[in-house]
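Thanks for coming. Please look at the sequence and the structure on the screen while I talk.

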Amino acid sequence: MKVCEPQWEPVCGKTLTRYMSDKVAGVQQKVREELSSVQTLSVTVDIWSDRRMRGYLGVTAHYYLDEHLKTCLLSCDRYAV
């Protein structure tokens, strides 16, 4: 990046972590508020593995809000067999 933009300075890892934590908290709050106002909810679960055979489990919610279909990822975690 210094070649492309000499004035560029990398962001400190702690700053980036703090910024992302604030953003994640905001998104989580928005999802909670939306889910608390829906009447019906459908949940899907998906299990898969990567090339190294590490297992993953994803949980997704699907719902209508203001006549629009919404989908949000509730969880995507690696699990041990």
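In which strand does Gly58 lie? Gly58 is part of strand S2, residues 55–65. Before going on: this is a predicted model, where local features need pLDDT of at least 70, side-chain atom pairs count only at pLDDT 80 or more, and totals for chains, interfaces and linings use all residues. Residues are numbered from 1 along each chain as its sequence is written, and side-chain values use heavy atoms, with hydrogens and water left out.

Now the chain as a whole. There are 1 helix and 3 strands, and along the sequence they follow the pattern α-β-β-β. Helices here are DSSP runs of H or I with at least four residues, strands are runs of E with at least two, and both are numbered from the N terminus.

The radius of gyration of the chain is 18 Å, while a compact globule of 81 residues would be near 12 Å. That radius is taken over C-alpha atoms, and the globule rule is 2.2 Å times the number of residues to the power 0.38. The C-alpha trace spans about 55 × 35 × 20 Å along its principal axes.

Of the 81 residues, 12% are buried. Buried means under 20% relative accessible area, exposed means over 50%, and partly exposed is in between, using a 1.4 Å probe and protein chains only.

Back to Gly58. Is Gly58 buried or exposed? With a relative accessible area of 5%, Gly58 is buried. Setting aside neighbours within four places in sequence, Gly58 is in contact with Thr44, Val45, Asp46, Trp48, Ser75 and Cys76; contact means heavy atoms within 4.5 Å. Thr44 and Gly58 are 14 residues apart in sequence, and their C-alpha atoms are 8.2 Å apart in space.

Trp48, one of those contacts of Gly58, is partly exposed because its relative accessibility is 36%. The structure holds 1 aromatic pair. The rings of Trp48 and Tyr56 have centres 6.1 Å apart and planes at 15 degrees, so this pair is stacked. For the rule, rings of Phe, Tyr and Trp (its six-membered ring) pair if their centres lie within 6.5 Å; planes under 30 degrees apart count as stacked, over 60 as edge-to-face, and the rest as tilted.

Last, the helix. Glu34 sits in helix H1, residues 13–37. Which residues does Glu34 touch, not counting those up to four places away in sequence? They are Tyr63, Leu65 and Lys70. Glu34 has a relative accessible area of 13%, so Glu34 counts as buried.
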